[in-house]
Every structure is written in C-alpha cells, then in structure tokens.
Amino acid sequence: MRRRSATRAATTPSHSASPWGAQHDHHPRAPVGAIAPVAPEPVRRRSGIGGSPRVDLLPQALRVRQQQKRRRRLLRVAFAVVFALVVLATGGAFALNSAAQSSLTAAQDETLTLLTQQGQYADLKQVQERIALTEAAQAVGASPEVDWSSYLSTLRGTLPGGVTLTSVSVDSATATEGYEQPTVPLEGPRIATLNFTAMSPTLPDVPTWIDALATLPAFVDAVPNSVTLDESGAYVVDMTLHVGPDAYSGRFTPAEGGAK
C-alpha cells in the first residue's frame with residue numbers, strides 16, 4: 001500500500017511544477033499591497049406596483065454625460081430657432097424699408113410732376129386770383145345794397161286810398177360804416193331809416209295805416225311824427241319807418257356751398 005501511494009504521488013503532476021517550466025495561472029492575482037476595485041452597487045428600480053424589480057447597471061458618470069448631451073442638444077435647437085427669428089426679423093425690416101423708400105420716391109416724383117404742371121398754368125392761376133379778388137370786393141361793396149325801387153313800390157301799395165307820397169329820404173349803412181343802432185330798449189336792429197311825407201284829402205286812420213306798413217319786408221317799426229292841415233285843406237302826414245337787415249338784396253353774396 002505504501003508503494004502504490006508513492007507511485008501515484010510520483011506520477012501525478014503537481015500544480016507547482018511542469019515539464020515546460022512554471023505553470024501559467026489563468027487568473028492573475030493582484031500585486032501585494034494593491035487595493036482591488038470595487039464594482040458599483042447596482043441600482044434596483046421597481047417597474048411599478050406588482051411589477052418585477054429591475055437593476056440599472058449604468059454608471060452614474062455615464063448617466064450625467066447623457067444628460068449633458070441632451071442639454072447641449074436643446075441649446076443648439078434654441079440657438080437655431082433664435083437665429084432663424086433674427087434672420088426673419090432682419091429680412092422683414094429690410095423689406096419694409098425698401099417699400100417705404102419706394103413710396104417716398106413715388107411721392108417725390110408725383111410732387112415734382114404737380115409742380116411742373118402748376119408752373120405751366122401759372123398765368124391761369126393769376127387770372128383766377130384776380131377774379132376771386134374782384135368778386136370779394138364786389139360782395140363787400142354791395143353788401144349794404146337794398147333794392148329801394150322795389151321797396152318804395154311796395155310801400156306805395158300800403159298807403160290808404162287817396163293818399164300819395166310827396167317826398168322820401170333814405171338814411172342807410174355803407175360798405176365801410178355800419179348803421180347806428182338804437183339805445184332804447186325793445187327796439188329791433190335796423191340798417192336804414194325812411195322818412196317820408198304823404199298827403200291825404202281826409203284825416204287818415206294812422207293806426208290802421210301802421211298795421212299796413214307792418215306787412216312790408218324787413219319792417220322794424222314805424223313812428224308818425226306829425227299830421228298837419230295845409231292851406232289847401234289836405235292833411236300832410238310825416239312818418240319815420242325803420243328797415244331791418246332782411247332788406248339786403250344780397251346779389252353778390254355767395255350762397256352756401258360755394259354757388260353764386
């Protein structure tokens with residue numbers, strides 16, 4: 001028994017010795033004194049209630065790097081959007097400026113054309129200005145005009161039967177001076193005063209006569225100054241009649257809207 005054991009021990013190869021030299025170890029060992037690296041602790045995540053647990057073996061540094069990549073990608077997109085907006089705004093401002101310059105040039109050309117045409121009709125413009133000045137002077141000069149011929153004809157129609165006018169005097173406003181207005185209260189404005197004398201074969205009814213005078217156009221008031229009996233037996237009536245602004249003829253006054 002002892003021989004067989006020794007024989008087996010001699011025939012069995014040893015791990016420490018080899019016919020080709022030292023035996024190579026497939027699992028290299030760390031040198032003496034070195035600290036072995038520690039593997040990261042796996043992160044266990046739950047997929048949800050009732051789900052199977054999962055393990056995230058991704059290192060924390062790699063996860064941070066991925067987050068930084070996403071942030072840089074978002075920054076690039078934001079920069080591209082801002083750049084596009086700036087380009088669009090610049091293009092729009094350039095287009096508006098070009099349109100404004102075109103409009104300004106067109107307006108200047110039109111103004112130059114109008115000035116040229118105006119120079120061609122300078123003589124006509126001077127004639128028009130003279131006509132307008134003449135019309136204005138005519139309107140001012142004839143502003144106090146009253147058609148006294150027609151007015152006196154109407155006045156004769158208000159005389160009582162048998163009464164005739166013997167004299168008439170008119171005091172009215174002028175183009176440069178206004179007519180003096182009354183200072184007595186309740187008297188209306190007037191632009192002329194007629195003093196006339198009439199002769200009647202009989203004593204006239206003065207109140208009825210004044211009522212007839214009130215139908216005259218632009219009538220303000222009438223005052224009988226005196227009623228006398230002359231040598232021939234006729235009655236002489238002296239009366240004052242005030243005429244208002246409605247008596248103006250307005251022949252040269254422009255109508256409303258520019259029509260004449």
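The following legends describe an overall view and close-up views of a predicted model.

**Figure 1. Overall fold of the predicted protein model.** The protein contains five helices and six strands, arranged along the sequence in the pattern α-β-β-α-α-α-β-β-α-β-β. Of its 260 residues, 16% count as buried. The accessible surface of the protein amounts to about 20,600 Å², and carbon and sulfur atoms contribute 59% of that area. Among contacts with a separation of 6 or more, 62% involve residues 24 or more positions apart.

Figure 2. Threonine 158 is classed as buried because its relative accessibility is 12%, under the 20% limit. A polar atom of the threonine 158 side chain lies 2.6 Å from the backbone oxygen of leucine 155. Leaving aside residues up to four places away in sequence, threonine 158 touches Trp209, Ala212, Leu213, Thr215 and Leu216.

**Figure 3. Pairing of strands S3 and S4.** The two strands are antiparallel and are joined over eight bridges. One of the bridge pairs links threonine 164 to methionine 199 in S4. Strand S4 spans residues 192-200, and seven of its nine residues are buried, leaving the strand mostly covered.

**Figure 4. Pairing of strands S4 and S6.** Strand S6 comprises residues 235-243 and runs antiparallel to S4, with nine bridges between them. Alanine 192 has valine 243 in S6 as its bridge partner.

Key
Residues numbered from 1 in each chain as written. Predicted model: local features only at pLDDT ≥ 70, side-chain atom pairs only at ≥ 80, totals over all residues. Heavy atoms only, no water. Buried < 20%, exposed > 50% of the residue type's maximum accessible area, 1.4 Å probe, protein only. Polar contact = N/O pair within 3.5 Å; in protein donor to acceptor, adjacent residues only side chain to side chain. Contact = heavy atoms within 4.5 Å. Helix = DSSP H or I, 4+ residues; strand = E, 2+ residues; numbered from the N terminus. Pairing = 2+ DSSP bridges. Areas by Shrake-Rupley, 256 points an atom, 1.4 Å probe, with all protein chains shown as cover.
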